[in-house]
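Please look over the sequence and the 3D structure shown here before reading on. The notes below are meant to be read beside them.

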Amino acid sequence: MSTEPETTESAEPGKPEDAVRSGTSTDGPGADRPSADVPGADGPNADGPDAEDAPGTEESPDPADTTEPADTADSTDTTEPAAAEGSPQLSEAEAELLAQKLERERIEQRKAEKKGPIASGTKLSGPAADLLAAVRAVESGDKPVAAVFDEPRPAPRRPAPEPVRRPQPVPGAPAAPDTPAPQTVDGVRRVLMAGSAPEALAPQVAAALGEGAEELLREDPWQLLRVTGVRPEQADGFARALLGAECRPDDERRTRAVTVWLLEQAALAGHTALELSALATALARQGVPDADTAVQSTLAEGEALVFQDALDEPGARPGTAPSTPAASSAPPAAAGDGADDTEGEEEGEEERPVRVLVGLERYALAEESLADGLARIVNSLSKDPSPEWEAAAAAASGSTAELIRAAAGHGLVLHTGGEASRAEPAALLTVARGLGLRAVAACHTPDGRRRFAALLGAEDPVVTVPGLLAGTEGPGRDAEGALDLDVLVVLDAPQLDVEGAAMIVESLPDGARLVLSGDPAVLWSAGPGRVFADLLAARTCPQVASRTPDPGPLGELVSGVGIGELNQVDAPGKEVVIVPVRDAGEAVHRTVQLVADSVPRALGVPPEDTVVITPGHGGAAGTRVLNAALKERLNPGPGRFGGFDPGDRVAYSPAPGRTVPGQVVGADAEGLHLSCADGAVVVPKERVEQAVRHGWALTAHQAVGSRWPAAVVVLPGDAAQALSRPWVYTAFGRGERHLSVVHGVEQALPRAVAEVTAKPRTTRLAVLLRSQVPAAQ
């Protein structure tokens, strides 16, 4: 393993003042990143285009202790990305947003159709019992009152319901207007001025609050927290300016808004719900004097949902379902209604451990819908494979044959492995198409689609997940709204969040096969949930682990990281190079030197084929500073198009949590013109600041799902706290031929690989699925 690159330049870094500084922040709401002492403050979506998080910034401990490190996936500062103007055709981003809107409407319909109370578990007392009683009372139309809940009764297994089909988005249909009316924006601007808040927030506030935003904001100033980036202390200052002496920490409007805000921050960190105790702790940190009352008020207003999930029985094997599945509790039995008859039975039943969770409605219902859809897929396919499948499996070998046999007789199959293992789902797809089945593969990124199509030798059956959901790629849909296919192979499965996974599963017809394939060691999805990890833990379907190793020194290094070992590997062809640095300034200098000179000269890889990966956007060696230095060296210019020039490499975020690499072509009155892997893109000028950033340097979450011929991973000293095994595994695995590590964290790197695993996310999918599908044998 080489420790120095070949270079003709001085190793001394340039002066600090020569570096281009990152953008400054404002003092008003929305200027700063979310507070670090709440669930989700340092999670995967915390590093949006306007985030200011430095990798080495000291942070307060998370009350749930379940958030991801601060390095992260891309998100935007707007509530909903605005649709592109001036074109009669829907872009991919607009079609995806339309599909998401239809999904939310479907969830609303599903909620309205629910007759019974929410699922609850066994004996509770104190705040948890009062909390559940309040929710049940709200559902029945009464005021929240104290109540006693009966023990849940064993319920027979029910078949998964047929999903409600969504109509396929029509690419030529006009997008719904997302821009608020000018008079609404003007009204909001007047309220912001009265509360000494930045007027620039007016469009975002109006979009978040909708029609009547002026009156709503004046009556409830804490509604300002619905704008992405605004923190409670900023909303408190705004409220004090408007309300004066009436502004109190225990104001019901404040406590509800802060509760919802905390749940939104938790979702940004990947949680679909928070445990009640963690939420109460976080509320106390935000100065809410009575957390229980705050949560009950939020539930009573329908802004959140509460759940009680039964956990595995003590001593049970992990992954098995409890003997009594969780079910909705019945109304309290009145005197003389047979309560005495069941008393003996209740005393004889062993109490099961339960947990009480509170979550936002959209993620909670999406997770339930995903569990229902997966159960339908598992139960709808005949378990008797045809002779043709058996013959195809017999012709294959190793884990490829195992995958074919598993897919032949099961509706849902999980496949795990590294980059080289993608050849196995490619072989499965070829077999399925050879049997006359309509088989399609979907990848997380356009680059993933390109690499998988190369394995197949054809691009026809390979699409991207966003394109499949938006209807711009893939086989289309039938009259009922289901995807017109028989087999769907989803690559990069760890990148699926609960909403995206729910949309995919609900779009599959009865009898279809779903194969989820991916590397469980990479970073999890940018959105809420950990679908692939939950399915692996639930063990409700066959799992095929690939035995195909990634080749070469890079494959050996990355495979070692995956099991917690940072090994020194032999790299005779300079596949791996370690570049030690003393400080962040030297790290920036050596990074530019590697990309612009050393790697092209030693390996023949041009700068445009090299990616730089660093833990965060902020800091002295974050993406902002690195991109400024790389632009100055590789494509200097005045930045006359909103900071961009033709030829600049960019990272475009068409939707929160999604990054598409591209290059600036030009700009005009319509907006900034980009050339991306999916084709030409025009970003409206009002969205450029939120949706586009320079893209020579990325975070690991932005880079996941794509690979480049060469990768330069920058580890400045202040990034030590942001490192984890999944982050290092993901970053080191982005290079196909070469990896340079600009190393300034000393022993923090091997310690992170050996000891710092992914922080858990609070989700419900595994529990929900076990109650409907028995564990696989």
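Predicted model: local features only at pLDDT ≥ 70, side-chain atom pairs only at ≥ 80, totals over all residues.

Residues are numbered from 1 along each chain as its sequence is written, and side-chain values use heavy atoms, with hydrogens and water left out.

**The chain as a whole**
- The protein chain has 26 helices and 21 strands; helices (H or I, at least four residues) and strands (E, at least two) are DSSP runs, numbered from the N terminus.
- Of its 777 residues, 56% count as buried, where buried means under 20% relative accessible area, exposed over 50% and partly exposed in between (1.4 Å probe, protein chains only).
- Contact means heavy atoms within 4.5 Å; among contacts between residues at least 6 apart in sequence, 77% join residues at least 24 apart.

**Helices α7 and α8**
- The axes of α7 (residues 252-268) and α8 (residues 276-285) come within 10 Å and cross at roughly 120°.
- Axes are lines fitted to C-alpha atoms, for helices over the stretch in contact, and angles run from 0 to 180 degrees between N-to-C directions.
- The two helices are therefore oblique to each other; angles under 35 degrees count as roughly parallel, over 145 as roughly antiparallel, 65 to 115 as roughly perpendicular and the rest as oblique.
- From α7, the contact uses Val-258, Thr-259, Leu-262 and Leu-263, and from α8 it uses Leu-279, Ala-282 and Leu-283.
- An α-helix has 3.6 residues a turn, so residues three or four places apart point the same way.

**Helix α19**
- In α19 (residues 552-562), the buried residues are Pro-553, Leu-554, Gly-555, Leu-557, Val-558, Gly-560 and Val-561.
- These buried residues pack against β12 (576-580), α24 (725-732), β21 (735-743) and α25 (748-755).

**Ser-706**
- Ser-706 sits in the loop between α23 (700-703) and β20 (708-715).
- Its relative accessibility is 6%, so Ser-706 counts as buried.
- Apart from neighbours within four places in sequence, Ser-706 is in contact with Thr-445, Asp-447, Arg-451 and Arg-734.

**Cysteines**
- The structure holds zero disulfides, a disulfide being a pair of cysteine sulfur atoms within 2.5 Å.
- Cys-247 is buried at a relative accessible area of 18%, and Cys-443 is buried at 0%.
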